Amino acid sequence: MPDAAPPNPGNAKPFLATPKPFAPEDEASLREALKRCSPSAFESAVQYRKTGNPEHVPAVVIGIIERFVEPDLRIKLKDADDDLRLIEDLGIDSLTMMEIVILVEDVLQMSINNDELRNLRTVGDVKMFIDCKIRGLALPKPTKFLPIEQIAAVMPIQPPFLFLNEASVSSSGANGKYKISGQELFLQGHFKNNPVMPASIMLEALGQLAVLFLLEGATPEPGKVISSSMIYFTGCEGVRAHRVCRPGDILTLSIKPKRMKMPLATFEGAIRVGQEKAAIAEEITLTFGYAEAVVPPPAPPAAEVNGTAPTKPTTPSATPLRAAASA
Amino acid sequence: MPRVFITGLGFITSIGNDAVSVTQSLRELRHGLELYPPFQTPEIPVKVAAPVRGFNTASTDAEDWTFPAGISIKRELLRGMSPHVVYAWCAMQQAIADAKLGEADVSNDATGLYAASGGSPYLMGHMLERMHKLGVMRCSPLGIVASISGAVQFNLVAHFKIKGSSCGFASACASSSHALGFAYDDLVLGRQKRMFVVGAEDGNMDAILPFAGMRALSLSTDPATASRPFDTGRDGFVGTGGGVVLVLETEDEVLRRGVTPYCEVVGWGQSSDGHNVAISHPEGLGLRAAMTNALRSTGTAPETIDYINAHATSTPIGDASEARALRAIFQPSGARPAISSTKALTGHGLSLAGAMESGFCALAVRDGFMPGSAHINQLDPECEGLNIIRTTLSQQPKFALNNVSGFGGANVSIVFKQAR
């Protein structure tokens, strides 16, 4: 499980802990380097180079990305969320990525290794990556994209009660999609001759995405692994349904962690269909436990030959998360 | 044996950026030479060059470049280009439109592209300087593909989605004639149905001035006479750049598409001096053999050739050597084909020369004229007995021959014939 390996300490060296004095000729070369970027990117770069304050970095990075994006796609960056994808949404290929990196290195006076770039797939990944490098923090886990097979492999919840078709998980949250097929058993009765996705099931889907985040995206205490068989629903606040969802609709789900302290993790969640808001939950709280704390009794004795507890939980018995909201 | 025809042309040259203005310049003997601004400093003894007009590629940053109205190139494409690639890209678009080729005609297994250029010493120099100054990892990711000598075909093959044969030729000033010759062979052998032949050069300071070291460049300060092939006072060549594209097609394709070709490519010949790395054989033995091979392989008698576009670059040794070769081939039969060097008008395009002058031959054969050899004040006695025409003749050559010679003593002759 290479993703869980501790970050290479070599990557975590702080850059510009004390900024070098910023000479007028530095400003001139910075202006030349950023001549095709927005004025605000240049201003932010000057501020960063003068003060070393990482708060100026995102504006520089976005300004540099924008400069390399074809003009008709730049509008996407205007009010971009961090999930905007570099390749799929912005048309940035690997060579353009190298151009971006070279300019970022030049402007922010840092160096970036090739292998550090492989996992950068979204604008958020890039911002987070540069921020961590500058602050000398460990690099976050890269965004993971999980097709249904991988989701089913890690989740305690299984079909026909799994309401995710695909998902992406990063250290800052998770996104998923679920297409209402019309074949869901409960739609036969909800409602009579009028199939409508139950709001309770939509909340369930958000909860499942939060479970996936706990298993694939969350950073637990060092040496601990969250057990997939110990995650349960505890409560939710501010749940509102805004749109009737029917067969054929594709639910776009997103959750972000708000608080996380063993044994509780609280998330905010939202569901869209296209650009329309379908449902929100201000808070969904799950309870979780670590695998080491309570090792599930292994069924076959063969698993215990060397007497050590498995670091990764064995396939758990399915314990569906239960949504308590009323439809 | 399948016949091969030229069905489309594209020109970005010092004497015009389209076939119409090139034809006019050739007919009226209008030259493209000027006092080239980058040379006008005391340290540079060379003053005259023949740059293409309407393009500004002075910056090392391609996004600073400006092009004639109507031409825009996306950044995504431009980043892998150097000036000569831009010229070739424009000429390619002209040639495709001229030959009335649709997308499917351009991009298929039976359509290829052969090209020649000396690369971009200018961008190569810039990139290496950056590497030495800022470090290896700060080289532009596409610096190599934009500057090495294959740059022109890398870009054109990718951007025009060429699926057939593609490669580059590196025989210096003979390069794009080699490209044309081997493109012809591929068509005759049935390997391809259509070939683009491309010649291109930056023609800027870094492409031209290194020739000053071997004393090959004219030091004249008068653009009107600096390039004067076959004149006794010639003192070296004048550099030029640009891009020229020819479309070659088999007879079957010409008939299938119902297009009217410029002329037929009847065949070609080549030969090497085996003499000196940079200097032509004084008797023009290699070029003589190339012409002999071209005439023999096409079954053409010397006396049937009406017009010869000579390689003559306006260097003292090279022009004399070619004159001797021409005398050896044509005088025994008493043939007196009209001979001219259009380099008096264009300057010498190096790797571009063969494609450019083959394009000129195609225009001459189709439009019925033979461009004069301009700027001759006093004809070199070496040319005695040769019919070097000083003015443009309004006669249609039925057969035309184009000569080129490159470093290492590489020589290529190509025979063109009126299409019927």
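Domain bounds are those of an automatic or database domain assignment. For chain A, this assignment gives domain 1 (2–135) and domain 2 (144–293). The centres of domain 1 of chain A and domain 2 of chain A, taken over C-alpha atoms, are separated by 32 Å. The model is predicted: local features need pLDDT of at least 70, side-chain atom pairs count only at pLDDT 80 or more, and totals for chains, interfaces and linings use all residues. Residues are numbered from 1 along each chain as its sequence is written, and chains are lettered from A and ligands numbered from 1 in the order in which they are written.

Secondary structure is described by DSSP runs, numbered from the N terminus, with helices (H or I) of at least four residues and strands (E) of at least two. Two strands are taken to pair if DSSP finds at least two bridges between them. In chain A, 7 strands form an open sheet in the order β1-β2-β3-β5-β6-β7-β4, with antiparallel pairing. Its edges are β1 (144–147) and β4 (232–241) of chain A, each with a single partner strand, so one side of each is left without a neighbour in the sheet. From one strand to the next, the twist averages 20°; axes are lines fitted to C-alpha atoms, for helices over the stretch in contact, and angles run from 0 to 180 degrees between N-to-C directions. Within this sheet, strand β3 (residues 173–179) and strand β5 (residues 250–261) of chain A are joined in the antiparallel sense by 6 bridges, and K179(A) has I250(A) as its bridge partner in β5(A). Helix α9 (residues 199–216) of chain A lies across β1, β2 (166–170), β3, β4, β5, β6 (264–273) and β7 (276–287) of chain A, at about 55° to β7(A).

In chain B, an open sheet of 11 strands has the order β5-β4-β6-β7-β1-β8-β13-β12-β9-β10-β11, and its pairing is mixed. The edge strands, β5 (166–168) and β11 (387–388) of chain B, each pair on one side only. Helix α3 (residues 83–98) of chain B packs on this sheet and touches β1, β4 (111–117), β6 (194–201) and β7 (242–250) of chain B, with its direction at about 135° to that of β1(B). Contact here requires the C-beta atoms of two residues, placed from the backbone, to lie within 7 Å. Helix α14 (residues 353–367) of chain B also packs on the sheet, touching β1, β6, β7, β8, β9 (307–309), β12 and β13 of chain B; the direction of α14 makes about 170° with that of β12(B).

A residue is buried if 20 or more other C-beta atoms lie within 10 Å of its own, exposed if 12 or fewer, and partly exposed in between, with C-beta atoms placed from the backbone. Of the 10 residues of strand β8 (residues 263–272) of chain B, 9 are buried, so the strand is largely enclosed by the rest of the structure. Strand β1 (residues 4–12) of chain B runs antiparallel to β8(B), joined by 3 bridges, and I6(B) stands opposite C263(B). Strand β13 (residues 410–418) of chain B is also antiparallel to β8(B), with 9 bridges; here S271(B) is partnered by N411(B). Strand β12 (residues 399–406) of chain B pairs with β13(B) in the antiparallel sense over 8 bridges, and S405(B) stands opposite N411(B).

P381(B) lies in the loop between α14 and β11 of chain B. This residue, P381(B), is exposed, with 9 other C-beta atoms within 10 Å.
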